Amino acid sequence: MTVAAVLLVYAASAGTVGSRLLGRARWALRAPLLGIGTYLAAAWSVVAALGLAGLTLAVHATALGGGLSHLIGACVLRLRDAYATPGGATAAGLCLTLAGAVMARTALTALTHLRAVRRQAVQHAQTARLVGRREPALGAVLVDHEQPAAYCVAGPHPTVILTTATLQALDPEQVDAVLAHERAHLASHHHRLLAIARIARQVLPCLPLMRDADTQITRLVEMHADDAATTDGDTGPLATALAVLAAAAGPAPGLAAATTDAVQRIQRLLRPAEPLSRVRRQLLRAGAAALALTPVLLALTPAMVALALGRVPAA
């Protein structure tokens with residue numbers, strides 16, 4: 001009961017206070033990929049904590065650290081004892097329902113979301129190829145349209161899409177910078193990171209951390225693509241291109257170059273901050289790993305204490 005209560009408190013605290021703490025982390029703008037990893041670790045640790053809370057209530061927590069035979073034996077004994085009384089049966093049923101509900105909702109949400117995203121990506125890529133024309137020199141599909149736009153569609157047929165108005169509005173150097181930005185999205189599989197964040201939000205939409213993780217990761221993948229497109233240090237062409245595209249931006253069906261926080265991204269490109277030191281990066285990576293492992297460590301604490309004291313739980 002104590003372990004389950006701690007896991008529930010952790011989930012509630014991380015899901016609420018955690019969003020405010022991460023929201024103040026200005027370092028994420030200097031290391032976008034690290035910020036993405038931290039948000040995902042925090043969000044999914046909440047989901048894991050809720051599932052483990054139900055499991056540790058239904059099965060004695062010390063059994064979780066005793067190997068498969070101990071866990072199976074503990075499940076049998078716990079279920080036999082629980083169903084010996086009506087109250088025990090009710091408690092066990094509620095605990096298992098909590099764990100099962102979290103796992104089922106997560107699996108169903110993930111399956112539904114991924115299938116929908118894949119279907120939309122395939123349809124859009126096919127439509128772009130039908131109405132546009134592939135330009136080998138650009139490595140993109142060119143669509144006749146009067147509005148400047150550049151975006152990519154991931155999925156089975158990754159495609160970078162430009163409108164003819166984009167070529168008219170930008171000079172060749174700026175076009176190259178925009179194409180590099182879009183290719184960075186595809187090469188870094190940013191669509192998968194966004195999918196992971198959006199699944200977590202759909203699983204627990206009531207928690208601020210899940211909403212913030214979705215929003216912030218959407219911003220951070222754009223910044224990471226900006227960084228990947230300007231590895232040579234020349235940020236001017238991309239910054240100018242973003243300004244031009246943002247002025248004419250409309251809703252885009254994919255990861256678009258200039259539809260997310262364009263002003264902040266332009267300022268970031270023109271006034272780049274000092275990169276994080278190696279030591280600080282390592283500390284932040286360790287912090288993200290600790291967030292991801294916290295629910296498991298909390299669930300296994302009784303088992304680890306028992307082993308440290310030489311009292312191995314019996315099956």
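I started with a tally: the protein's secondary structure comes to 12 helices and 5 strands, where helices (H or I, at least four residues) and strands (E, at least two) are DSSP runs numbered from the N terminus. I kept in mind that this is a predicted model, in which local features need pLDDT of at least 70, side-chain atom pairs count only at pLDDT 80 or more, and totals for chains, interfaces and linings use all residues. Residues are numbered from 1 along each chain as its sequence is written, and side-chain values use heavy atoms, with hydrogens and water left out.

**Entry 1: the whole chain**

I looked up burial next, and 45% of the 315 residues count as buried. Here buried means under 20% relative accessible area, exposed means over 50%, and partly exposed lies in between (1.4 Å probe, protein chains only). I then checked contacts, meaning heavy atoms within 4.5 Å. Among contacts between residues at least 6 apart in sequence, 70% join residues at least 24 apart.

How many residues of β4 are buried? I found 5 of 5 in this strand, which spans residues 159-163. As a reminder to myself, side chains in a regular strand alternate between the two faces of the sheet. In β4, T159, I161 and T163 lie on one side and V160 and L162 on the other, and all are buried.

I went on to pairing, which requires that DSSP finds at least two bridges between two strands. Strand β2 (residues 140-143) pairs with β4 in the parallel sense over 3 bridges. Along that pairing, V141 stands opposite I161, and V143 stands opposite T163.

Strand β3 (residues 150-153) runs antiparallel to β4, with 4 bridges joining them. A150 of that pairing stands opposite L162. β3 and β4 form a hairpin with 5 residues between them, and G155 in the turn has a positive phi of about 110 degrees.

**Entry 2: strand β2 from its other partner**

Which residues of β2 point each way? A140 and L142 point one way, V141 and V143 the other, and all are buried. Strand β1 (residues 133-135) runs antiparallel to β2, joined by 3 bridges, and E135 stands opposite A140. β1 and β2 also make a hairpin, this one with 4 residues between the strands, and G139 in the turn has a positive phi of about 70 degrees.

**Entry 3: helix α10**

The buried residues in α10 are P237, L238, A239, A241, L242 and L245. They pack against β3, α6 (164-169), α7 (172-187), α9 and α11.

I looked up the second largest pocket and found about 530 Å³ of space in it. The elements giving two or more residues to its lining are α2 (27-30), α3 (32-58), α9 (208-229), α11 (262-270) and α12 (278-308). The largest share, 4 residues, comes from α11. The lining has 22 residues, of which L29, R30, P32, D227 and R268 lie nearest the centre. By class, I noted 9 nonpolar, 6 polar and 7 charged residues.

For the terms, a pocket is an open set of points on a 1 Å grid over the protein atoms alone, where a 1.4 Å probe fits, with protein on both sides within 12 Å along at least five of seven lines; lining residues have an atom within 4 Å of a point. Grid points are joined across faces, edges and corners, and the volume is the space filled by probe spheres set on the points. Ala, Val, Leu, Ile, Met, Phe, Trp, Tyr, Cys and Pro count as nonpolar, Asp, Glu, Lys and Arg as charged, and the others, Gly among them, as polar.

Is H113 buried or exposed? At 13% relative accessibility, H113 counts as buried, and its place is in helix α5 (residues 86-131). Leaving aside neighbours within four places in sequence, H113 is in contact with A195, R198, I199 and Q202.

H189 is found in the loop between α7 and α8 (190-203). Its phi is near 55 degrees, a positive value in a residue other than glycine. H189 is partly exposed, with a relative accessible area of 34%.

D261 lies in the loop between β5 (255-256) and α11, and is partly exposed at 36% relative accessible area.
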